[in-house]
Amino acid sequence: MLWLHRFGSLPYFYRVSRPIALALAVPGVLLAVYGVYGGLVNAPVDYQQGDAFRILYIHVPSAWLSLFGYTSMAIAGAVALVWRLKLAEIFVVAAAPVGASFTFLALVTGSIWGKPMWGTWWVWDARLTSELILLFLYLGVIALHNAIESPRSAARACALLSVVGVINVPIIHFSVEWWNTLHQGPTVTRFGRPAMEMAMLWPLLCAALGFTLMFGWLTLWNMRAQLLWRERRSRWVKKVFSDA
Amino acid sequence: MLSVFWAVLRRDLLLAFRQRGVLVHHLLFFVLVVALFPLGTGASPAILVTVSPALIWMSVLLAALLSLQRLFKPDYEDGTLEQYLLSPEPLALIALAKVLAYWLASGLIFVLASPLLVLLLGVPASAVPVIMASLLLGTPTLGLVGAIGTALTLSLPRAGLLLSLLIFPLYVPVLIFGAGAMRAAIEGLPAAGALYLLAALLMLGISTAPFAIAAALKISME
């Protein structure tokens, strides 16, 4: 367990995070490119949706990361609140814009996909709606961080907000589904889910893993920037810049 | 421990009733939003009845947003809040008492005023009990959840718009079940399911939100 305690030291984290981030970035980008290329070019055409389904290779990984990102923020937030770990606070703040971007990407690609499939850019479908509310939850964390001046209390406030938010995410999702069934749903909200062909599934898994590694890379990189800004008056940061 | 709960509740209620004007403002806000709405949509009864669940609940949400900003502010400004934090009594209990006092002075007014307003919108009288029940179960949850957001933005001078971004997404379940119960009652369908879910949300709020409010107050006072 001793190696874990070293991460409490911010200069140590700054030093080791660079190779870790690069170790995530290289396979992440390669896998994402391989997966997206495999999906866009190599995968067979869907017999119902034609070529339009191919946007799924970006849409599904983004949607997965929007949930993964918020959950990881909430776990880090709980750690930050209980153990007052500075790195966990910084993680919450650093992951928020990355997660929000993936959520936005999931919404945009979903909307583009919806146009040929449903004939409209937007449907008040249960999943789409809860994804939109998830985006607002992300934006709330980002806005709160921007509003509070003291970086320490801003990060702790964001940690608490993300914990409160994550308790609400399943409730929101459930309530939105309940709401949607009250209305008569649009005729094609969800396609039948045939088990996916391996040739289609394999690139999707690669893309999802690649996007996840990229999420880790971007978040770590953002954490480093946050760390430098927060500790800008400390000696080790000055040393980092004088050495560079 | 309970004595501090009653003491805070009594104090806040006393303060609220010493400023009766503010109580009337809550009511006037509610009445004004509802009364201005038909001027925008046209007075066709069919439209008004259809939109009335959304209208009632959105005006309650907006009123909560506006009034919640003052929930902790006076105590924060005159130093009472610091004394609450320093006192050995559990802060969560004090927070719960404050939210209860806030709800008695604002949410309850909406519940009592709602029959008049929904009849104004042409909602059938048979739906009124369900509407009142949904507001009775839903508005305290709005106070509990909103208080977390207020406590987090306590130190900011103008938090209004930020507060809406923080708490409106969290209000989605209450809005859906509250307006859902109301819509079902208007259409003559059973509304018990939505009311039970509102009650469940309220129980969850009472049992967890005070701790989140207390934690948020501590963060804001650091």
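A residue is called buried if 20 or more other C-beta atoms lie within 10 Å of its own, exposed if 12 or fewer, and partly exposed in between, with C-beta atoms placed from the backbone. The model is predicted: local features need pLDDT of at least 70, side-chain atom pairs count only at pLDDT 80 or more, and totals for chains, interfaces and linings use all residues. Residues are numbered from 1 along each chain as its sequence is written, and chains are lettered from A and ligands numbered from 1 in the order in which they are written.

View 1. Helices (H or I, at least four residues) and strands (E, at least two) are DSSP runs, numbered from the N terminus. Helix α2(B) covers residues 20-41. Its 22 residues should span 32 Å at 1.5 Å a residue, and the C-alpha atoms at its ends are 33 Å apart, which agrees; the expected span is 1.5 Å times one less than the number of residues. Buried residues in α2(B) are B:H26, B:F30 and B:V34. They cover an arc of only 55° around the axis, which puts them on the same side of α2(B); the arc is that of the directions from the helix axis to the C-beta atoms. An α-helix has 3.6 residues a turn, so residues three or four places apart point the same way. The face turned away from the buried side carries exposed residues, including B:R20, B:V24, B:L28, B:L32 and B:L36.

**View 2. Surroundings of α2 of chain B.** The buried residues of α2(B) pack against α3 (45-68) and α7 (107-120) of chain B. Contact here requires C-beta atoms, placed from the backbone, within 7 Å. Just after α2(B), B:G42 takes a positive phi of about 90°.

**View 3. The contact between chains A and B.** Chain B contributes 18 residues and chain A 24 residues. On chain B, α8 (128-152), α9 (160-186) and α10 (192-221) each supply at least two residues of the side that touches chain A. The largest share of that side, 10 residues, comes from α9(B). Its residues divide into 16 nonpolar, one polar and one charged. Ala, Val, Leu, Ile, Met, Phe, Trp, Tyr, Cys and Pro count as nonpolar, Asp, Glu, Lys and Arg as charged, and the others, Gly among them, as polar. The model scores ipTM 0.89 and pTM 0.89.

**View 4. A:V92 in the largest nonpolar core.** Such a core is a set of buried Ala, Val, Leu, Ile, Met, Phe, Trp, Tyr and Cys residues joined through C-beta atoms within 7 Å. Of the 143 residues in the largest one, A:V92 and A:L160 touch the most other members. Helix α9(B) gives the most to this core, with 16 residues. Leaving aside neighbours within four places in sequence, the contacts of A:V92 include A:M73, A:A76, A:A155 and A:A159.

**View 5. A:R84 in a loop of chain A.** A:R84 is found between α3 (56-83) and α4 (86-118) of chain A. Although not a glycine, A:R84 has a positive phi of about 55°. A:R84 counts as exposed because it has 12 C-beta neighbours inside 10 Å.

**View 6. Confidence along chain A.** The pLDDT is the predictor's confidence in each residue, from 0 to 100. Its mean in chain A is 84, and 89% of the residues reach 70 or more. Confidence is lowest in α1(A) (residues 2-6), at a mean of 64, and highest in α3(A), at 92. Over residues 183-192 of chain A the pLDDT is below 50, and beyond near neighbours in sequence this stretch has eight contacts in the model.

Note on methods: Two residues are in contact if their C-beta atoms, placed from the backbone, lie within 7 Å.
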